[in-house]
Amino acid sequence: MRSKGVKEKYVRMVQDMYREAKTRVRSAVGTTEPFPVRVGLHQGSALSPYLFNLLVDVLVEEVTKEAPWSMLFADDIVLVADSGEKLQEKLELWRGLLEDYGLKVSKEKTGVPGV
């Protein structure tokens with residue numbers, strides 16, 4: 001957040017929201033007791049998609065090109081190239097970069113024509 005110029009008061013506000021966070025799981029058989037959440041974004045929070053996109057934006061700064069060559073939508077990334085070969089190279093570059101930071105890239109959802 002800081003590297004993107006977000007004001008410090010908002011950084012601290014988000015940190016406070018995540019400090020000692022707890023959640024419950026509700027199912028057909030009942031609701032669990034509250035338990036701590038130590039990793040990840042808060043499910044159902046309106047802030048979570050923004051935080052996720054901000055994180056990905058920082059991680060991929062060095063490989064991002066102007067739209068329409070690469071665009072981020074929530075948890076989807078659109079990559080465009082002049083050929084299937086260049087697109088595959090770009091996909092592998094992004095996948096390697098994101099996986100280096102512990103994110104998982106779904107290979108099944110890729111829309112690479114001819115690959």
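Surface patches here are made of residues with over 30% relative accessible area and no salt bridge; like charges are joined within 9 Å, and nonpolar side chains (Val, Leu, Ile, Met, Phe, Trp, Tyr) within 5 Å. Accessible areas come from the Shrake-Rupley method with a 1.4 Å probe, and for residues only the protein chains shown count as cover.

This is a predicted model, where local features need pLDDT of at least 70, side-chain atom pairs count only at pLDDT 80 or more, and totals for chains, interfaces and linings use all residues. Residues are numbered from 1 along each chain as its sequence is written, and side-chain values use heavy atoms, with hydrogens and water left out.

**Stop 1: the whole chain.** Show the cartoon. The chain has 3 helices and 6 strands. These are DSSP runs numbered from the N terminus: helices are H or I with at least four residues, strands are E with at least two. Along the sequence the pattern reads α-β-β-β-β-α-β-β-α. Of the 115 residues, 18% count as buried. Buried means under 20% relative accessible area, exposed over 50%, and partly exposed in between (1.4 Å probe, protein chains only).

**Stop 2: a nonpolar patch.** Select Tyr 10, Met 13 and Met 17. Together they make a nonpolar surface patch of about 280 Å². Met 17 is found in helix 1, residues 8-18. Met 17 counts as partly exposed because its relative accessibility is 35%.

**Stop 3: salt bridges.** A salt bridge is a side-chain nitrogen of Lys or Arg within 4 Å of a carboxyl oxygen of Asp or Glu. The whole structure holds 4 of them.

- Select Arg 2 and Glu 8. Their side chains meet in a salt bridge, 2.8 Å from N to O. Arg 2 is exposed at 51%; Glu 8 is partly exposed at 33%.
- Select Asp 16 and Arg 19. Their closest N and O atoms are 2.5 Å apart in a salt bridge.
- Select Glu 92 and Arg 95. This salt bridge has its closest N and O atoms 2.7 Å apart. Both residues lie in helix 3 (84-100), 3 residues apart, about one turn of the helix. Arg 95 is buried at 8%, whereas Glu 92 is partly exposed at 37%.

**Stop 4: a pocket.** Which residues lie nearest the centre of the second largest pocket? Select Leu 41, His 42, Gln 43, Gly 44 and Ser 48, which are among its 14 lining residues. Helix 2 gives the largest share of the lining, 3 residues. A pocket is an open set of points on a 1 Å grid over the protein atoms alone, where a 1.4 Å probe fits, with protein on both sides within 12 Å along at least five of seven lines; lining residues have an atom within 4 Å of a point.
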